[in-house]
Amino acid sequence: MKDHEEVMDNVATHEQWKTVFSELAPGLVLFARQWVRSSADAEDIVQDAFVKFWRRNHKIDNRALLYATVRSTALDLIRRDSRRARREVEASADVDLTIAPQFYVDDESQRALICALDRLPGEQREVLVMKIWNELTFAEIAQALEISQNTAASRYRYALAALKKDLERVQ
Amino acid sequence: MNDFSDIESELKKLRPTQPSADLLRRVENAIVDLSGEEKIVRPHQFRIHWLSLGASLAAAAVVLIFLRFDFQKAAQSPGVAAQSPPPTKPVPATFIPAGATQVVYHTRDEGLFFPLHSEEPVRRVRSRTQETLQWRNPATGASLQVSYPAEHVQFIPVSGQ
């Protein structure tokens, strides 16, 4: 078990977390956005998960574990607040359907691509987000999602195929 | 081989929006708090259910006593003693920590509070956990486990209010 000195030492000797976190944050927030509607909620999830991850004194380069922590924090939040979230969704349905953008959009083709991304099944989308914007390897994705590497790679290919088909249909 | 290189490159051109500048500061505060007193479990923040802990320890002690009693009985048994002489060295009854888990099964956000002598609000979050400590005797393979419920209250600084 960790003691106070160990935690202090950990913080003192791992100041590089800021650099690493700044680099990872956009991708982590994008990853967390899959389970919540707002950027603020996604940032809360990332904050909770990163602190939880750090508190357990895991190596900063253990990205699979970091993403697994973000995922489990998001799922815990959903389970815990499912009733409240349902009420909020129902209430907001009448008032505001705007969802904060997850990407900077330069042109219409990118907008179409983002719409196609939103239509992907969740399990394919999460693999795509981890691979494309977080640059995780299939081994890391498999570890984070507790699936085999083959399954991770298959979901990735299915996601790309679905996107391609969707875009061809739209054009 | 890869038919999807075009769609992959299109996807890579999409840039995720930047998180708020506040996020890094919030995480930094939380991590700094970890090193200080705020996140260290203090007596008034950490309430062990002593009755449950006592009962668990008592149960563990009873198990240990029975285990030792059984060993002694086996050693005293004439049939066994005749066939297998007692070991020359006694087995050390040393238990070493083998693991610790904390399962958070309930968390409640109790809203914002203004602590005394502070103008900054804090969010009070109460969580209930089941904590389990394990020890193992490497010589005998025996293990000891104690579980007890605990309650934590965390005060999380809030800004921009």
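**Reading a two-chain model**

Student: What area is buried between chain B and chain A?

Tutor: The size of an interface is often given as the accessible area lost when the parts come together. Here about 3600 Å² is buried between chain B and chain A, and carbon and sulfur atoms give 69% of that. Buried area is the accessible area (1.4 Å probe) that the two parts lose on being put together, summed over both. Keep in mind that this is a predicted model, where local features need pLDDT of at least 70 and side-chain atom pairs count only at pLDDT 80 or more, while totals for chains, interfaces and linings use all residues. As for bookkeeping, residues are numbered from 1 along each chain as written, chains are lettered from A and ligands numbered from 1 in written order, and side-chain values use heavy atoms, leaving out hydrogens and water.

Student: How many residues does each chain bring to the contact?

Tutor: Chain A brings 41 and chain B brings 33, with contact meaning heavy atoms within 4.5 Å.

Student: How many salt bridges are there between chain B and chain A?

Tutor: The count is 4, taking a side-chain nitrogen of Lys or Arg within 4 Å of a carboxyl oxygen of Asp or Glu. Have a look at Arg15(B) and Asp106(A), which form a salt bridge with their closest N and O atoms 3.4 Å apart.

Student: Which elements of chain B give two or more residues to the side that touches chain A?

Tutor: Helix H1 (5–13), strand E1 (15–16), helix H2 (21–35) and strand E3 (96–113) of chain B. H2(B) gives the most, with 9 residues. Helices (H or I, at least four residues) and strands (E, at least two) are DSSP runs, numbered from the N terminus.

Student: Over in chain A, what covers the buried residues of H4(A)?

Tutor: The cover includes helix H2 (17–32), helix H3 (39–55), helix H7 (122–133) and helix H8 (138–145) of chain A. Among the residues of H4(A) that are buried are Leu66(A), Tyr67(A), Val70(A) and Ala74(A); buried means under 20% relative accessible area (1.4 Å probe, protein chains only). An α-helix has 3.6 residues a turn, so residues three or four places apart point the same way.

Student: Where does pLDDT stay under 50 in chain B?

Tutor: Where pLDDT is low, the predicted coordinates should not be read in detail. In chain B that covers residues 37–46, for which the model has 23 contacts beyond four places in sequence. pLDDT is the predictor's confidence in each residue, from 0 to 100. Its mean is 75 for chain B and 81 for chain A. For the complex, the predictor gives an ipTM of 0.77 and a pTM of 0.54.

Terms used
Buried means under 20% relative accessible area, exposed over 50%, partly exposed in between (1.4 Å probe, protein chains only).
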